[in-house]
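Here is my notebook from an afternoon of looking things up. Have the picture open while you read along.

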Amino acid sequence: MTDLSDQLHLVDSHCHLNYPGLNEDTAGVLARMQAAGVKRALNICTTLEESAQVLAIASAHDFLYASIGVHPDNQGIEEPTVDRLVALAKDSKVVAIGETGLDYYRREGDGKTDDLNWQRERFRVHIRAARLLNKPLIIHTREAADDTLAILREEGAEAVGGVMHCFTESVQVAREAIALNFLISLSGIVTFKNAHQVHDVAREIPLDHLMVETDSPFLAPAPHRGKVNEPAYVAFVAQRVAELKGCSVADVATATTRNFDRFIAGKLGNGVG
Ligand SMILES: [Zn+2]
Ligand SMILES: [Zn+2]
């Protein structure tokens, strides 16, 4: 990749630096990220068991941030309570709560239960913790958009706002999330040829409401599709968003970085209630 570090200031708003694929060569991953103009990144927590590792990587670098949360797919792990999330999120590196949300994709094949009440309850715990902390939420939603929006409303999530990460839902769902003070984050999926719904979101939703992310080591964008993803590749996401919007990649970088700064400053929510 060409050296864009002087021209761009991009942020990878969602990556998993401590996952296999990235954690074997953290120094190399971070050097390539800087060379691609990706100046900062948010390292995402998915279990309480990995939280110390997530915080350790972020604490070692002033251009990295961390989240605290438990992913809706994870079972057989420590179940989070509001108190536990609040205590872990006191670390100065923690800027957001998540990733949390609902994932009904895994319902089939589980074989044990169709009752995903435990996911909804875990999601509510995260929203309550975020409101106590006045920190934004990082939302993962898959085949569960209606329930996700309903629970965000029921729990008063607009008080803190946050981000709908790796967004693959419709323009209409994006607009409903924006009305609840959430940003929309686009991943490498926007570079995939058949991702028409995501292309529509990139075209229709104004830059004021967008962030970009890799979700690395997963979901590498074209032309690296199928390989290990890494934060440097968020530049390909920004490039594709710029093409779809008919603007420059610098415009996308400026807007998405400004949005990230509002996000980590806790300035998205209306603070009501
Ligand atoms: Zn996710
Ligand atoms: Zn993730």
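**Ground rules.** I am working with a predicted model, where local features need pLDDT of at least 70, side-chain atom pairs count only at pLDDT 80 or more, and totals for chains, interfaces and linings use all residues. Residues are numbered from 1 along each chain as its sequence is written, chains are lettered from A and ligands numbered from 1 in the order in which they are written, and side-chain values use heavy atoms, with hydrogens and water left out.

**Overall form.** I found nine helices and eight strands (DSSP runs, H or I of at least four residues for helices and E of at least two for strands, numbered from the N terminus). The C-alpha trace spans about 45 × 40 × 40 Å along its principal axes.

**Inside.** I noted that 58% of the 273 residues count as buried (under 20% relative accessible area, 1.4 Å probe, protein chains only).

**Metal site.** Which residues coordinate the zinc ion (ligand 1)? I found Glu99 (OE), His140 (ND1) and His165 (NE2), at 2.0 to 2.2 Å. Donors here are N, O and S atoms within 2.8 Å of the metal (3.2 Å for Na, K and Ca); water is not among the atoms, so sites may look incomplete. Glu99 also coordinates the zinc ion (ligand 2), 3.5 Å from the zinc ion (ligand 1). Glu99 sits in strand 4 and His165 in the loop between strand 6 and helix 6, 66 residues apart. I checked both, and Glu99 and His165 are buried.

Methods. Buried means under 20% relative accessible area, exposed over 50%, partly exposed in between (1.4 Å probe, protein chains only).
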